[in-house]
Amino acid sequence: MMFRRFVAWGLMIALGLVIALGSNAACMAQEEFLEDVIKQANAADDTGKVGELDNKPERLEWLRDNGFGMFLHWGVDAQLGSVISHTLVGASDDYVQRYVTELPKTFYPKKWDAEEYVLLAKSCGMKYIALTTKHHSGFCLWDTKTTDFNVMNTPYGKDIVREFVDACHQHGLAVGLYYSPEDFLYAYKHGELIKRRPHRPSPDSDPEYVKFVQAQVTELMANYGDINVFFIDGRGKKTTKEVVWTLQPDCLITRGAIESPEQTVPGQPPEEVWETCMTLGTQWQYKPQQLDTLKDGDRVVEILIETRAKGGALLLNLGPRPDGFINELQEDIMREVALWNFVNREAVIDVRPWIVTNEENIWFTRNKDEDTVYVFLTRQKNWDRKDRREFVIGSVSATEDTTMTVLGHNGQVVEYTGWEPEKAAPLFEQKEDGLHLSLVPGQRLLNSGAWRNPVVVKLTNVKPSCKPPLVVNGKAKGKDGQIAFQGELKDLGDADEVLVGFEYQEYLGFAENMYNDEWTATELVKMGKPGAFTDTVKVPGNKTYQWRAVVKHPRLKMTGDHSKVSVK
């Protein structure tokens with residue numbers, strides 16, 4: 001593998017030297033370079049993995065450690081405020097022609113400043129940032145030799161990918177590139193109907209199309225220095241991975257190589273490394289109407305907490321305006337996230353899941369190297385910094401060496417109170433029913449005393465209090481205004497008896513599902529051994545519902561994954 005890396009970088013250096021000599025030599029060199037790259041790339045096996053090429057374990061661990069990033073969706077059609085690229089599917093020929101010929105003539109993002117986005121991401125505690133180099137439309141944000149449909153043929157006339165990568169390198173943020181092998185314009189020019197399923201010609205098998213994808217990915221991986229993260233959207237993953245890992249074997253490929261849910265957080269934590277990508281609203285690209293209900297800063301923080309508690313990475317999307325400037329409403333939300341993360345960053349970086357993800361509105365992570373647990377106290381609205389509140393957690397047990405702190409607060413001073421340090425200090429006590437916590441937020445983060453975002457408690461030298469149970473979803477059938485649920489209790493944990501049941505909620509839609517976090521519970525029933533259980537509920541018809549099985553241990557509750565069922 002080390003030899004492969006040296007060869008790859010040697011090829012790129014040689015290509016750069018020849019390009020400097022002249023355009024004809026450059027074209028010949030690039031063709032020869034591409035041929036050498038493809039010769040080195042291994043063929044994919046039946047599992048979709050590219051021979052010996054794969055994500056390196058240390059790069060996967062990097063994502064586990066640094067699981068918070070920014071996504072930027074931006075294309076030539078941001079000028080229209082439309083869904084990115086997809087207006088071309090089902091479009092008339094005259095629309096396609098206007099899209100391809102007119103939109104590039106008016107794309108002039110004079111306020112684009114890559115550093116603005118990079119520094120905002122750093123302020124939010126994000127560790128990487130990814131830009132859509134080419135979405136499905138085929139419009140390229142870099143100086144490509146593969147198509148005229150690119151940013152160099154616009155009034156802006158500058159390589160946006162170059163500006164983006166340079167800003168990331170300058171400020172020490174990991175560089176992420178999104179790339180779509182599926183290309184609507186390529187298909188259109190080859191006489192095919194624009195659509196995604198099936199996408200013809202195929203970037204996986206059509207020889208000419210494969211070469212086109214290989215050439216584009218080679219440009220991205222050879223011309224911009226180190227690329228740390230790569231996100232592949234759509235068909236053509238095999239072809240793309242071959243080039244990425246041949247040229248930059250240390251590059252981490254997320255979508256295309258690991259589990260990557262979109263617009264949702266899984267109900268049950270996946271066992272392997274995973275990354276979810278999610279929008280602030282319901283649309284990836286800029287939307288001028290702002291009819292979307294944007295997630296507020298508190299909700300974004302909750303989603304980040306849930307993702308990290310389940311061992312995942314959150315790639316949070318913003319859509320730059322047509323002029324390149326950040327949308328003010330989106331920036332306001334991100335500044336709220338930045339304040340929370342500035343205070344509590346250690347609770348979401350270098351952490352792993354605890355024995356349970358949460359106990360109702362209390363969530364957990366643990367330090368990957370120490371017996372330290374972080375306790376996220378969510379849904380504590382209008383918590384004044386002088387207001388002491390009490391909590392009981394069932395999954396954590398204290399030891400003789402346990403300490404407790406509130407992240408961001410020294411536990412000694414609460415401004416304008418005149419309290420003695422003892423009155424401001426956080427307290428804990430181990431009792432039969434769990435670990436009792438007593439604390440004040442203490443730190444003055446806003447002018448007013450009220451603080452709506454989660455407060456985080458750090459507990460050191462602690463241990464699990466029990467062995468959790470395990471429950472999984474079975475099947476669900478919806479008919480005549482009823483849902484018949486099936487679940488299975490796999491393990492009671494260390495309990496002699498547990499309670500089981502189900503929880504359900506209306507499914508609001510693909511992008512909207514994260515707005516509904518309230519669940520309706522069925523009546524719980526006792527079980528003393530593993531096995532199946534069922535229940536039936538009446539619900540309004542003509543709707544789709546999300547549901548999960550539930551098991552309640554004497555100290556904690558566990559749930560199954562999120563499943564869906566439609567009811568007529």
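## Aspartate 159

The side chains of aspartate 159 and tyrosine 224 make a polar contact of 2.7 Å. A polar contact is a pair of N or O atoms within 3.5 Å; within protein, one must be able to donate a hydrogen and the other to accept it, and residues adjacent in sequence count only if both atoms are side-chain atoms. A polar atom of the aspartate 159 side chain also lies 3.1 Å from the backbone nitrogen of valine 161.

Aspartate 159 is found in the loop between strand E2 (128-134) and helix H6 (160-171). Helices (H or I, at least four residues) and strands (E, at least two) are DSSP runs, numbered from the N terminus. Aspartate 159 counts as buried because its relative accessibility is 14%, where buried means under 20% relative accessible area, exposed over 50%, and partly exposed in between (1.4 Å probe, protein chains only).

## Basis of the model

This is a predicted model, in which local features need pLDDT of at least 70 and side-chain atom pairs count only at pLDDT 80 or more, while totals for chains, interfaces and linings use all residues. Residues are numbered from 1 along each chain as its sequence is written, and side-chain values use heavy atoms, with hydrogens and water left out.

## Glutamine 285

Glutamine 285 lies in the loop between strand E6 (274-279) and helix H10 (297-309). With a relative accessibility of 3%, glutamine 285 counts as buried.

The side chain of glutamine 285 joins that of aspartate 77 in a polar contact of 3.2 Å, and it reaches the backbone oxygen of serine 82 at 3.1 Å.
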